[in-house]
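Here is a briefing on one protein model with its ligands. Please look over the sequence and the structure before reading on.

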Amino acid sequence: MSEKVRVLISEEEVEKRICEMGKEISEYYKGEEVHLVSVLRGGVFFTCQLAKRLSVPVSLDFMSVSSYGNDTKSSGVVKVIKDLDDAIEGKNVLVVEDIVDSGRTLSYLLENLKSRKPKSLRLCTLLDKPECRVTDVHVDYTGFQIPDEFVVGYGLDYMQHYRNFPYVGVVELEDEAAK
Ligand SMILES: O=P(O)(O)OC[C@H]1O[C@H](OP(=O)(O)OP(=O)(O)O)[C@H](O)[C@@H]1O
Ligand SMILES: Nc1nc2[nH]cnc2c(=O)[nH]1
Ligand SMILES: [Mg+2]
């Protein structure tokens with residue numbers, strides 16, 4: 001078997017949408033500071049790109065959670081691998097994620113962060129698969145709604161590969177023998 005990645009959302013489309021999101025988010029937080037919580041590992045590419053498009057003061061922290069490991073199906077158990085470095089009490093926290101799929105990761109994370117008493121707590125995701133939800137999650141900012149396909153690129157991996165692809169694509173497995 002060999003793998004091929006079919007483009008779903010081009011680099012140009014992604015960049016354009018992130019600019020629009022940056023404007024909308026900056027408008028919302030006008031006059032305030034926003035504390036970005038980037039969800040490692042997948043959320044890091046989107047976070048960097050979005051942060052550059054924000055015109056309000058920004059601070060940044062990282063949390064690492066994982067429920068997929070090297071699988072394409074969620075294990076159903078969200079593990080915290082690295083906690084935030086700084087307290088978020090009294091801050092305007094914006095969680096920045098690459099994808100909301102089953103919703104388990106974000107549902108867990110938002111509850112966890114809420115208990116730390118931020119001034120406000122909102123969620124921004126580059127991609128959303130609303131039809132895959134098993135848990136309710138309120139998303140404040142969405143880049144693109146996509147169908148139920150396992151996607152890679154822009155931070156998203158398949159067996160730890162493809163995170164660095166500048167576009168969003170779908171992995172297609174090709175049977176060499178069938179050619
Ligand atoms: O809505 P869910 O079904 O919970 O899926 C979304 C989560 O899955 C992926 O992370 P993953 O656990 O693969 O870790 P990674 O970011 O380190 O790749 C993705 O980056 C989201 O964090
Ligand atoms: N790479 C990748 N990780 C995910 N985690 C949850 N959904 C997805 C997906 O479609 N692709
Ligand atoms: Mg992730």
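The shell around ligand 1 holds four nonpolar, seven polar and six charged residues. Here Ala, Val, Leu, Ile, Met, Phe, Trp, Tyr, Cys and Pro count as nonpolar, Asp, Glu, Lys and Arg as charged, and the others, Gly among them, as polar. This is a predicted model: local features need pLDDT of at least 70, side-chain atom pairs count only at pLDDT 80 or more, and totals for chains, interfaces and linings use all residues. Residues are numbered from 1 along each chain as its sequence is written, while chains are lettered from A and ligands numbered from 1 in the order in which they are written.

**Ligand shells**

- G42, Y68, D101, S102 and T105 come nearest among the 17 residues around ligand 1 (near means a C-beta atom, placed from the backbone, within 6 Å of the molecule or strand).
- Two elements, β5 (92-100) and α3 (104-114), each give two or more residues to the shell around ligand 1.
- β5 supplies the largest share of that shell, four residues.
- Ligand 2 is surrounded by Y68, I99, D101, F150, V151, V152, L156, D157 and Y158.
- By class, the shell around ligand 2 has seven nonpolar, no polar and two charged residues.

**Fold**

- The protein chain has three helices and nine strands (DSSP runs numbered from the N terminus: helices are H or I, at least four residues, and strands are E, at least two).
- Along the sequence the pattern is β-α-β-α-β-β-β-α-β-β-β-β.
- Six strands form an open sheet with mixed pairing, in the order β4-β3-β2-β5-β6-β7 (strands pair if DSSP finds at least two bridges between them).
- The edge strands, β4 (79-82) and β7 (141-145), each pair on one side only.
- β5 and β6 run parallel and are joined by eight bridges.
- V100 stands opposite D128 in β6.

**Helix packing**

- α3 lies across β2, β3, β5 and β6, at about 170 degrees to β5 (axes are lines fitted to C-alpha atoms, for helices over the stretch in contact, and angles run from 0 to 180 degrees between N-to-C directions).
- R104, T105, L106 and L109 are the buried residues of α3 (buried means 20 or more other C-beta atoms within 10 Å of the residue's own, exposed 12 or fewer, partly exposed in between, with C-beta atoms placed from the backbone).
- These buried residues pack against β2 (34-40), β3 (58-66), β5 and β6 (120-128) (contact means C-beta atoms, placed from the backbone, within 7 Å).
- Helix α1 (residues 11-28) lies across β6 and β7, running at about 160 degrees to β7.

Terms used:
Two residues are in contact if their C-beta atoms, placed from the backbone, lie within 7 Å.
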